Amino acid sequence: MKPTHIEHIGIAVKSLKESIPFYEKVLGLECYSVEEIIDQKVKTAFFKIGQTKIELLESTDPEGPIGKFIEKKGEGIHHLAYAVEDVNEALKEVEAEGVRLIDKEGRKGAEGLNIGFLHPKSTLGVLTELCDNK
Ligand code: ZN
C-alpha cells in the first residue's frame, strides 16, 4: 500500500453547532460541507487545510459508533484516514500482512468517497481508514 497523503482526520464532537465556531473563528478554517451519513448514525462537518481535511463527527444516536466512542472516551481524535489509489486493493494488501479489517471491501463514506476501516487492534491503537483519492 502506498498512501499519498492524509485524506482527513476524524474528530468526535458532542455538537457540531458548538464545535464549528471553534474551527472557523479560532483556527480560521472554513466549513465547506455538512452531511448526514444515516447508516453511520453521524452528522459530519468538513474543513479543508491544504490537501487534508478535518472531519468533525457528531452522533445522531447514542448507540451509534460515535455515540459509543464519546461515552467511553469523550470528545477527541477518532480516526486517521489515508488516501490510497484503490481502497479494495489496499484492503487486500494489508489483510495479506495480517491486519484485521473492519471492512472487507470498500463502501461509500462521506463526500462519496470509497472507504474502508482497519481494526485498531491491528493498527497500534489508531482506528485507520483508507479512502480512494480518485
Ligand atoms: Zn473518516
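Q: Which residues make up the largest nonpolar core?
A: There are 11: I11, V13, L16, I20, Y23, L29, C31, A45, F47, I54 and L56. A nonpolar core here is a set of buried Ala, Val, Leu, Ile, Met, Phe, Trp, Tyr and Cys residues joined through side-chain atoms within 4.5 Å. Buried means under 20% relative accessible area, exposed over 50%, and partly exposed in between (1.4 Å probe, protein chains only).

Q: Which elements give two or more residues to this core?
A: Strand 1 (5-13), helix 1 (16-26), strand 3 (42-49) and strand 4 (52-59). Helices (H or I, at least four residues) and strands (E, at least two) are DSSP runs, numbered from the N terminus.

Q: And where does the largest share come from?
A: Helix 1, with three residues of this core.

Q: What kind of model is this, and what are the ground rules?
A: This is a predicted model: local features need pLDDT of at least 70, side-chain atom pairs count only at pLDDT 80 or more, and totals for chains, interfaces and linings use all residues. Residues are numbered from 1 along each chain as its sequence is written, and side-chain values use heavy atoms, with hydrogens and water left out.

Q: On to charges. How many salt bridges?
A: Four. The rule is a side-chain nitrogen of Lys or Arg within 4 Å of a carboxyl oxygen of Asp or Glu.

Q: What does K53 pair with?
A: K53 forms a salt bridge with E7. The closest N and O atoms are 2.7 Å apart. K53 lies in strand 4 and E7 in strand 1, so the pair ties together parts that are 46 residues apart in sequence.

Q: Is K53 buried or exposed?
A: K53 counts as buried because its relative accessibility is 9%. E7 is buried too.

Q: What about D103?
A: The D103 side chain bridges to R107, at 2.9 Å from N to O. D103 counts as buried, at 10% relative accessibility. R107 is partly exposed, with a relative accessible area of 23%.

Q: Which residues are joined into one network by shared partners?
A: E7, K53 and E111, through their salt bridges.

Q: Where does E111 sit?
A: In the loop between strand 6 (107-108) and strand 7 (114-118). E111 is partly exposed, with a relative accessible area of 29%.

Q: What is phi at E111?
A: Near 60°, a positive value in a residue other than glycine. Most residues other than glycine have a negative phi.

Q: What about phi at L124?
A: It is positive at L124 as well, about 55°, and L124 is not a glycine. L124 is in the loop between strand 7 and strand 8 (128-132). L124 counts as exposed because its relative accessibility is 86%.

Q: Back to K53. How far is its C-alpha from that of G112?
A: The two C-alpha atoms are separated by 14 Å. Along the chain, K53 and G112 are 59 residues apart.

Q: Now the surface. Which residues gather in a patch of negative charge?
A: E85, E89, E93 and E97. Patch members have over 30% relative accessible area and no salt bridge; like charges are joined within 9 Å, nonpolar side chains (Val, Leu, Ile, Met, Phe, Trp, Tyr) within 5 Å. Lys and Arg count as positive, Asp and Glu as negative; His and the chain ends are not counted. A charge is placed at NZ of Lys, CZ of Arg, CG of Asp or CD of Glu.

Q: Where is E93?
A: In helix 3 (residues 87-96). E93 is partly exposed, at 36% relative accessibility.

Q: Which residues form the positive patch?
A: K72, K73, R100 and K121 gather there on the surface. K121 lies in the loop between strand 7 and strand 8. K121 counts as exposed, at 70% relative accessibility.

Q: Which residues form a nonpolar patch on the surface?
A: F22, V26 and L27, with about 280 Å² of accessible area together. Areas come from the Shrake-Rupley method with a 1.4 Å probe; for residues, only the protein chains shown count as cover. V26 is in helix 1. V26 is exposed, with a relative accessible area of 57%.
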